[in-house]
Amino acid sequence: MLNDAASLLWMERLLRLADVVGAGGEIPVAAALLDEAGRCVGWGSNRRHRRADPLGHAELLALRRAAATRGDWRFNGCTLLVTLEPCPMCAGALIQARVGTVIYGAADPKRGGLGGSLDLSRHPSAHHHMVVRGGVLGERAGEQLETWFRQRRRARQALRTGGEGPA
């Protein structure tokens, strides 16, 4: 597992990538999969809107790139870092890919699949168990998401009211 300093460094990088993704209209989430030596073997950012792909989640794109890079779908000794707690779909994929460790930023109490609304990593049906650590730069990651959604709601409201309304 990554040490605290490396986890913070990677999360900083992912938050910067998420800013770019958010500016492009996607929900600002980014992920990276690191091998046992701490090298990035796959990365991704949300691409659901741009690609019209319901599976365009950052974690899934990182897994796909890593599988292509390594020529394997098993990631037992690898660490996935992501700015938001994975949803149940992504948590299931991480279990299927046998990811060793998952480190996330902001918790997702409504839709999180690794402890937020349910914990698939500890579910009796899980054939693989991983280490899960949340809250790495979690406050900052949560603020990033809240700000993005707030701006999006304001922009939609402005379109509906012709630009008039509360500032």
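Visitor: Leaving aside its neighbours within four places in sequence, what is L63 in contact with?
Guide: In this predicted model, and with neighbours within four places in sequence left aside, L63 is in contact with L33, F75, A93, L94, A97 and V99.

Visitor: And which residues have the most contacts inside the largest nonpolar core?
Guide: Those are L33, L63, F75, L80, L81 and V99, in a core that has 44 residues. At least two residues of this core come from each of α1 (4-23), β1 (30-34), α3, β3, α4, β4 and α5 (138-161).

Visitor: Staying with α4, which of its residues are buried?
Guide: Helix α4 spans residues 88-96, and C90, A91, L94 and I95 are buried there. Seen down the axis of α4, these buried residues fall within an arc of 145°, so they line one face of the helix.

Visitor: What covers them?
Guide: The cover over the buried residues of α4 includes α3 (58-70), β3 (79-84) and β4 (101-106).

Visitor: Which residue just after α4 takes a positive phi?
Guide: That is R98, with a phi of about 60°.

Visitor: Changing topic, how do the axes of α1 and α5 cross?
Guide: The two axes come within 11 Å and cross at roughly 5°; because angles under 35 degrees count as roughly parallel, α1 and α5 are described as roughly parallel to each other.

Visitor: Which residues meet there?
Guide: From α1, E12, L15, A18, D19 and G22 meet R140, A141, Q144 and W148 of α5. Sorted by class, the contact of α1 with α5 has four nonpolar, two polar and three charged residues.

Methods
Residues are numbered from 1 along each chain as its sequence is written. This is a predicted model: local features need pLDDT of at least 70, side-chain atom pairs count only at pLDDT 80 or more; totals for chains, interfaces and linings use all residues. Side-chain values use heavy atoms; hydrogens and water are left out. Buried means under 20% relative accessible area, exposed over 50%, partly exposed in between (1.4 Å probe, protein chains only). Helices (H or I, at least four residues) and strands (E, at least two) are DSSP runs, numbered from the N terminus. The arc is that of the directions from the helix axis to the C-beta atoms. Contact means heavy atoms within 4.5 Å. A nonpolar core is a set of buried Ala, Val, Leu, Ile, Met, Phe, Trp, Tyr and Cys residues joined through side-chain atoms within 4.5 Å. Axes are lines fitted to C-alpha atoms, for helices over the stretch in contact, and angles run from 0 to 180 degrees between N-to-C directions. Angles under 35 degrees count as roughly parallel, over 145 as roughly antiparallel, 65 to 115 as roughly perpendicular and the rest as oblique. Ala, Val, Leu, Ile, Met, Phe, Trp, Tyr, Cys and Pro count as nonpolar, Asp, Glu, Lys and Arg as charged, and the others, Gly among them, as polar.
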